[in-house]
Amino acid sequence: MVAKADVRKFFKAYEKVYNDAIADTVDPNDVADMYSAGFVSVTPAAVMVGENGQQLKAIMKKGFEAYRALGSKRMTCKDVSVTPIDQDHCVAEVSWSGDYERKDGSPVTIDFAINYLVEKRDGKLKVFGWISGDEQAEFRKHGLL
């Protein structure tokens, strides 16, 4: 089974990579290394599939630029719960807390959860999918859009 402690450690490392990306100091390979060769993204807007490689790096770069423009300052992994699927797969529900700055300079913190599909492949954990809520609605609700 995928060890819960390993999944928690993985998402603390994910937090660092995410924050480095927000600060625009990340190596794109570090971001790509967190993901499997193929993955699925499920949001209220769409279900999409993708492959890890140059396209993923370009999409992630563009996404983090958008988060910076939105006022994203820091993301904190508050908690991780793990539901095993089988010996090499699990669902990790990650509770995040995001710190943002509105256009008027006022701070806002948004708490949310994302479910990640995680696999253990060649001894390393990788995200092969995620299911998230409507982040655009949350950004509007909190005055970021």
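Colleague: How much space lies in the second largest pocket?
Modeller: About 190 Å³. Keep in mind that this is a predicted model.

Colleague: Which residues line the second largest pocket?
Modeller: Ala21, Asp24, Val26, Pro28, Val31, Lys57, Met60, Lys61, Phe64, Glu65 and Arg68. Helix H2 (28-32) and H3 are the elements that give two or more residues to that lining. H3 has the largest share, with 6 residues.

Colleague: And how many of that lining are nonpolar, polar or charged?
Modeller: The second largest pocket has 6 nonpolar and 5 charged lining residues, and no polar ones.

Colleague: OK, on to the largest pocket. What is its volume?
Modeller: About 1,200 Å³. Its lining takes in 41 residues. Closest to the centre are Ser41, Thr43, Tyr67, Trp130 and Glu135.

Colleague: Which elements supply at least two residues of that lining?
Modeller: H1, S1, strand S2 (47-51), H3, S4, S5 and helix H4 (135-141). The largest share comes from H3, which gives 10 residues.

Colleague: What classes of residue does the lining of the largest pocket have?
Modeller: 27 are nonpolar, 8 polar and 6 charged.

Colleague: Switching topic. How many residues does the largest nonpolar core have?
Modeller: It has 37 residues. Val7, Phe11, Tyr14, Tyr35, Trp96 and Tyr116 have the most contacts inside this core.

Colleague: Where do the core residues come from?
Modeller: Two helices, H1 (4-22) and H3 (54-70), each supply at least two. H1 gives the largest share, 8 residues.

Colleague: You listed Val7. What is valine 7 in contact with, leaving aside neighbours within four places in sequence?
Modeller: Val2, Val80, Val82, Cys90, Ala92 and Leu125.

Colleague: Last topic, the annotation. What feature does UniProt place at residues 6-99?
Modeller: The record has "domain: DUF6841" there, from an unreviewed entry.

Colleague: How far apart are the end C-alpha atoms of that span?
Modeller: They lie 26 Å apart. Residues 6-99 are 41% helix and 41% strand.

How values were computed
Residues numbered from 1 in each chain as written. Predicted model: local features only at pLDDT ≥ 70, side-chain atom pairs only at ≥ 80, totals over all residues. Heavy atoms only, no water. Core = buried A, V, L, I, M, F, W, Y, C linked by side-chain atoms within 4.5 Å. Buried < 20%, exposed > 50% of the residue type's maximum accessible area, 1.4 Å probe, protein only. Helix = DSSP H or I, 4+ residues; strand = E, 2+ residues; numbered from the N terminus. Contact = heavy atoms within 4.5 Å. 1 Å grid on protein atoms, 1.4 Å probe; cavity = no way out; pocket = protein on both sides within 12 Å on 5 of 7 lines; lining within 4 Å. Points joined across faces, edges and corners; volume = space filled by probe spheres on them. Nonpolar A, V, L, I, M, F, W, Y, C, P; charged D, E, K, R; others polar. UniProt positions renumbered as here; feature names shortened; annotations may be inferred.
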